[in-house]
Structures are given as structure tokens and as C-alpha cells.
Amino acid sequence: MNLQAFLVVAAALVSVGLFGALTQQSIVMLMMGLELLLNGVILGAAAFWYFLAPAGTGGQVLIVIVVTAMAIEMAAGFAVTTAIYRAKRIDMTDDAAELRG
Amino acid sequence: MTTALFVVLAVTAVVAGALVFRVDSMARATFLLLLSFLAVAGLVLMTGLQYLGVVIVLMMVIEMVVMAVFMIMYMMNPAGLMPMSMFHNTRGAAVIAATTFVALAGGALLVDWPVRGGAPAPDLTMALGQSLMSGQMLTMMTLGVTLFATIVGTVVLAAGRGRYDRLGDELDAPESDDRDRGGVGR
Amino acid sequence: MSVALPLGWSVLLPVLLLAVAWAAVAADAVVAGRAAGRPVPWTVAAALPGREALRLLVGQRRRAVAGDELLRGVGGAVLPIAALLAAVVVPLGLRPVADLGAGIVWFNAMEVFAWAAVWLVGWGANSTLSLIGGYRFVAQGLAWELPHMFALITAAVGAQSLRVTDVVAAQQDLWFVVIMPVAFVAFLLSVAAMAFWGPFGAPLDRDIAGGAAAELGGVDRLVFMTGRWLLLVAAAAMAVPLFLGGGHGPWLPAWAWVLVKTLAVLAALVALRHRIPTIRMERWTEFSLVVLTPATIAQALVVTLVGLGEGGLS
Amino acid sequence: MDLRNALLRVAARRPHVLIIGGIGTDRLRARVEQEVGRRHWTNAMAPADTDVLVVVGQPGRELRAVVDDVWATVPAPRARLDVRNEDEVTTALDDAVTVLQDLSAQRAGAPRDGLRSERPSVLSGAHDEHDDSSHEQGSGHEDHDGGHHHGGGMELPGGLAMADLGDDRDGLALDQLHVPLGPVLPEWPSGLVVDVVLQGDVIQEARSRFVDLDDLDATERLPAAARALESAARVLALAGWDGPAARARGLRDAVLFGGGSSAGVLEELDDLRRRVRRSRLLRWMLRSAEGGRSEVLGALDDKLLSARAAVAGGRGEAPVAVDLAALDARLVGAEFAAARLIVAVADPLPQPALTRPTDLGGAS
């Protein structure tokens, strides 16, 4: 158990999450990808804190921030999904293309 | 012992995370994601961050249950009885994800990390609390305001009928026209 | 400084919880009989839990058409496990099985596993009424979580620690129920709601033919129902260290006080159950969020200010 | 082997009983319920929780099919009884215990796995109203799998149909489930079936009917007081207030089968009424939208009052027969728990004149 091992696991979680977020058609599944990505960030923050700077509290504060970000992401994501769905009855990213340039 | 635990938790976290996008059933996907979170929470607990580890468990269980509800609300075929592919742009994404992994993992293994400086505080929870309430006060306040803004924003976005619909343009209706009324108020 | 009990107690803990749950089921049957005007003899009531368990043990298990057996099984198993894990931080006497630094948060985290468990069981059965039961519990959990959390936090603020043994130690002179009555009441109600029991039993109610448990038979049902009672017992036991002074008390040893107080809390809950009808969440959620949550926040604020006035936080 | 026998014998001592009866069996059903209560047995909520299935009266063709399907899902050890008249009740229940304790008989008669896979053709007919009545269970098996962008015609593995979409009150078009409610459901009027379209737990469409209405000639009706008390007991039980519900049942039994002086019944009835009126929580939980007055609570009080009048000697008002169409209209838009209360309060009478002929195709 060392920093490198933790970071490789965190990297794996981030990549899997990224893959999911990029490939999923459904907005809800896309959000699951994002959650997984942030999951990796949490693990990375904990590892950095523990193995590099355990005396400070920066790592802990970062985890608090990421966890809050996850909650906000979920809430905002579902609110937007609900709004889009109410307006247009779609729940797929490919269909919601207003922002496409 | 510690190493074995670490390996088990690490493998669980990654495999469950990957399976999220492989299974057909949305309910299973959601709870696989939860499993991945729980494994990460276990890893966080291994670093001694007891409070944060348990908070992650608490939050993620609630979050995933809520997610399951929305999932079933909006997804076609949530139980996965009809296998179907819900991917787009798979190849590009795979390349991007693989590159990211190689870059991150390579960085993790190749960088010459500094030696560990200092020792953890005896009571980490207390240390976090004191930090949030003094040095990191601004962070805490920002988070609080952001969360509040999120609550207001998401409710406005998601609600189908606001108070002007329920109580009239002047908000002066003695009672709302809801079919089923809540416990208090109009 | 950890004061956890020896490891052997982790084996004894389920036995203790089951024994108390047995007593609670029997008492519930007696009170139910009296409320119905058809008294149940003590002997019948005392044997009832064992008989029911036996009935389910010899009973056949069931599968549902196109159900998700895996998720249903996971949900059913998670419920009793979560209840036991929640109980490890409860001091049996003055020492718990595991003296966690974040014990209060741990307790809450284990409780919310019940949400996932009930929802999974309701979903896995592939039956409309079961699923309605599962959804009802999610709504109930969401409505009660905030008052519940603030009630827990109030006790933690009073003791200035998340460690349950510290909370008990802080009550050597004065029980917390005296200085935080609102939090205590909110805790009692929310804890029964978290165990989806009694007046908060809408997820398993008669109108949906047993709800989330409607399709469970045999051992599956036994595990699920046992888990629910264990959760209730663990929750009632938690009220003792948080608000009722834990093992502190005259004459009796600490473990006896914990037992007596736990049984008293359970008795209060059982009595409450037979006095009031089921609380339906579509009516109650608004009350929970608009009245109960601010009330518990105000309670936490008062306790905080008192703590500051008495010499500040260490 | 001996151990298993012994276990079975202890376990069978206080079984859970599921009672199924068609229209016109209310008196017999009440008698069985009374006997079950007297023995401190338990009323089962669903087939999965059942040990003894009691079929009261002589079910018609439609109901018999339902009973057979329910029976197929009752887990062993189990016993099935037919009770035709009141004299049989005690001996039949005694026999049930004997059957439950008989290990070899249970072995032979156990359902394969509680799975109703024998009749897949029936299960697939989720949109065919005529088929529905023959396989619904009260526990309304229906897939909960959405099909947003698919019509209802799509079939999933297992013969289940995908759900449709439809507008709902929140402006979100979510999955609709076609679920028949009844005739096997706790606290449900005998023989009633309501085919509902559910979105979440909100009822979007409802169409109620009675099974085996042709056999109505043989119907015997409960006296007004007993009928009112029965309905009140159902409402109280659905509100989750078990004690008063059981007391209302006890009063019904006293009215039907004697056992208790008229004065005693009146006193008990007044006590019950006082309790119901005094409960603020009950008022809160039963309150409906119209002007704060509780429709359900008002009807509940009326029922207790009319029962009192009938017991006191007057004829009481004849029960107002609720039109099934009116019931359907009131169910639309109600949440599930509220809908159950509405049905329990309405307590519709099976009357051929008031029901439509079997034009049952329009609900889906």
C-alpha cells in the first residue's frame, strides 16, 4: 500500500468514469460517469493527503469540496433532465442538441 | 493483511465502476456504482479519514437511491429485460479514456514524489472542523452559498407548478388548488 | 483512547439484539390484542416470535416472474446486516463493541442502508404493489433524514464529540433529553420512520398487500422482517446513549440501565404505534420539511449557544 | 424426519389465513374472519404470506380461475379449504391445521417454486382486459419496465409487455402500468375488480366491475348495520389503525352472530365513534382537497352513525348504492393509498342494473 498504488486505482476510476460520461446516450447514465470520475478524485485527494502532507488539512477540505460538488452535480443534473423532459420528452444527450455549434 | 484489503477494495472499486456501463439493468448499474463508492469509502477509511469515509458512505447511499428513482423515471427499459446498446462515439471515448489513464497512471508512477512531511493530527475530525471554521472558513461559506443556490435553482428548474400557479397571480388564494394537500400551509 | 469491548462481544451483540427484538414483538402482540378488544394471553405472545420464525423457516421460498433475484437477495440481506452494524457503536453499559470516532455519523450511515435495502426488495419482486412500497420508503426516508440528522447533531454538539462514548460521558450529571427535548422527540419519531415500523409502516402496509415484502416467502421474509425489528431495536438502543444518559444511573450496573432504558424506549414506541393510525408521507412530508426541520435546527442552535456561553468550545 | 415433523407441527399451530370470496359471501366471510380472530390466527396480506387459503361460498367461473392462480403462488406448507356454510367453519379450520402438519402431503402438493410460469400465454395479456381478470392476483403482477419511445405492443422476455407513456399531473409523461386491483386484496370489497392505469402510484384511469355478476341471484346481503361496520372497519384498517378496525369488526360480528347485549354493542359503538372523531391525526391523514372537510372521515362517521341507528332499533337508512361509474370518476387522480380509502368508503353494491354490460375494452 503506497501512494503509487492508490493513484493508479484513482486513475483507473477517472478513466472509466470519463469513458462512461463520453459514451452514454442517456443523461442519467452520463451523470453516473461523472460521479465515477469524481470518485477517483476523492481517492486521489485522500492518497495525496495521507502520503504527502498528513499534517495539514488541505486534503480533507478537498474531499469535502468534491463530495459537495457531487451532490450539486446530481441535483442540477436531475433538475435539468426533468426540465428538458417536461418540455420535450427526451432524456438522451443526442436529442438535446440546442447548444451544438 | 492491509495489502490484501487494499487489493480487494481497489479491484472492487474499479470492476464495479466498469460494470456500471456494461449491465443492462439500470437498477443494477446504480447499485454497482454504489458498490464502487463504498469500496472507495473503504480505501479512504484505510488512510485514517474516519469521518470523511463514513460521510461518503452516508451520502452515496442516499444519492444512489435517489438516482435509482430518477433512473427508472426517465429511462426506457430500466430493468434491462430487453438488452440494448446505449452507447455513442465508443471508439473515440475509449481512446480518450485510455490516454487519460496512461497519462495519469504514468505520472503517478514516474513522478518522484516528495517524502511524507509531518504526521496526521491525533483527532482528524477535530482538525478538519477547526480548519473549516478558521483557515478554510471562506471555503465553507462558499460551499454553503453554492448549495443554497443549487437548492433554489434546481427547484425552480424542476417544479412543474410554482406558487403562482397554485395560489394565483397575487398569491392571495386562500387555498391552493392542489388535489392532495400537504400537511401545513395552503 | 478506545474503550471498545473485547472482540467476542461482536458475536454476542446479535444475540442480545434478537432477544430484545423478541421481547418487543411479544409486547407488540399483547398491546395489539388489547387495542383490538381481543386480549392475547402472555404465553401465546411470548411464543409468537419463535413460532412465526419457525413458520417462515419451514416455508417455501418464492421467485417472481422476471424479477431481479440478485438485487432482491442483496436487499434482503443488507437490512439485518445494516441493523447490526448500526448497533456496534451503541454502548452496552459504558463500552460499545466498536468505539468509532465518528460513531454518530456511522450510525446514520448504516441506517440509510435500509432505504437501499427496502427499495431493492420492492424492485426485485417485479410487482407493482411491492414497488410502490419501495418508493414510499424512499420518500419517507428523504422526509425524515433532515430532522433525524439534526437531532443526532444536536446530541453531538452537546457533547462536543461525534464519539458515542463521549456523548454518554457528557451526560454524567444531566441527561440530554432535559436540555434538548425537541431533538429527542424528533429522534424517536424519525428513528421509527427509519425502521419503517408502526405508524411509519406505510412501505409495508395493508393497503398495498404488504408492500415491499408482499412477494417474500419463507426464509427471505424471515430475514427481511428480522432485519426490520433489529433496526428498530438498534435505533431504540441508540436513543439511550444519545439522550437518556447511557449507562449512568444509581443502584444498577451500567449494562442493566442500558437494558432498562432501551426497553422503556421500545415500550413507548409500541404504545405509540397502537394509539395512532399510519402516517402517510404525501401528507407528512411537508410537515417534516417545513416544521420539524426548522425546529430541530433551532434546537441545535440553542444547544450550541448554551455550549458557547458555558465556556466555549475546547 | 421426526424433527421436520415436529417443526412443521409447531409452525402450523397459528397459520396465516387468506380469505377469498365472491359477491354475496360477506356473511360467511365474516364468520370465517371471526373464527380466525378467535383462534388468534393472522390474516395474511398477500399470497406469499399465506398458509391457509379459505375459499368461501361457491365461486363463479371467473373467480375460480383467480383462486387457482393465487393457489399456484402460495408457498408450501399450505392448505386450501372450501367453506360452503357456517357450520363447516370450525371443522374446516381444524382440518387445515391437520393438512399443514402432514409432511408427506405437503411434499406432494408443493408448488414448484411459487412461479406462475405455467400459463405464460395468460401473463402476456396485460393489455387484454378479459384475460386480466383470470390472472390478476391483487398483488398485480406487471412489469415495471418503462418503454418511453415504444408503444405498448412491445413484448419483453417472460411474456411481459412494456409500459406505455401518458401525460400525468406533473406534466411529465411517464410510464403507465395497467394493473387490475382485486378481487384478492386485503380490505377489499368482495368480488370487486378495478382495472386501473397507474403512473407511479397515481391512478390515471379506473374502470370497476364485479366478477361473476351473473350469479347475483343467489346473493344474500348483510344487514345494514353489519355492512356499515364492515366498511368502517376496512377504512380504519387501511388507515393503519388496527385496534379500532378490529373493534369495528368485533361489533360487526356481534351484530351478525349475536354475542353481546344490544346495550353493550351501542356503548362500544359510541366509544369507537368518539375515538374516531377525536383523533386529529386521523383527520389530517384522511383529509381531502375539498374545502378542508374530510370526505372519507365524514363518510366514516356517517357509517358508524347509521350502524348505531340500525342497532338501536330503527331501520336506518338503506345504504346508498354507489354507482360504479361514479366510483371510477372519483378514483381518477387519486394516489394509491387515497384510492384504497375511496373504494373502502364507497363500498359499492353489486347490482346488475347499475353496471354496464361487458364493454371492457375502453380502459387501455
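Two residues are in contact when their C-beta atoms, placed from the backbone, lie within 7 Å. Keep that in mind on this tour of a predicted model, where local features need pLDDT of at least 70, side-chain atom pairs count only at pLDDT 80 or more, and totals for chains, interfaces and linings use all residues. Residues are numbered from 1 along each chain as its sequence is written, while chains are lettered from A and ligands numbered from 1 in the order in which they are written.

Start by selecting chains A and B together. Here 60 residues of chain A are in contact with 68 residues of chain B. On the chain B side, α1 (2–19), α2 (26–46), α3 (50–74), α4 (90–110), α5 (124–133) and α6 (137–158) each supply at least two residues. Colour α4(B) next: its 12 residues are the largest share of the side of chain B that touches chain A. By type, that side of chain B divides into 47 nonpolar (Ala, Val, Leu, Ile, Met, Phe, Trp, Tyr, Cys and Pro), two charged (Asp, Glu, Lys and Arg) and 19 polar (the others, Gly among them).

Of its 101 residues, 53% count as buried (20 or more other C-beta atoms within 10 Å of a residue's own).

Finally, centre on B:Val61. Leaving aside neighbours within four places in sequence, B:Val61 is in contact with B:Leu34, C:Val112, C:Phe113, C:Trp115 and C:Ala116.

Notes: Buried ≥ 20, exposed ≤ 12 C-beta atoms within 10 Å, placed from the backbone. Helix = DSSP H or I, 4+ residues; strand = E, 2+ residues; numbered from the N terminus.
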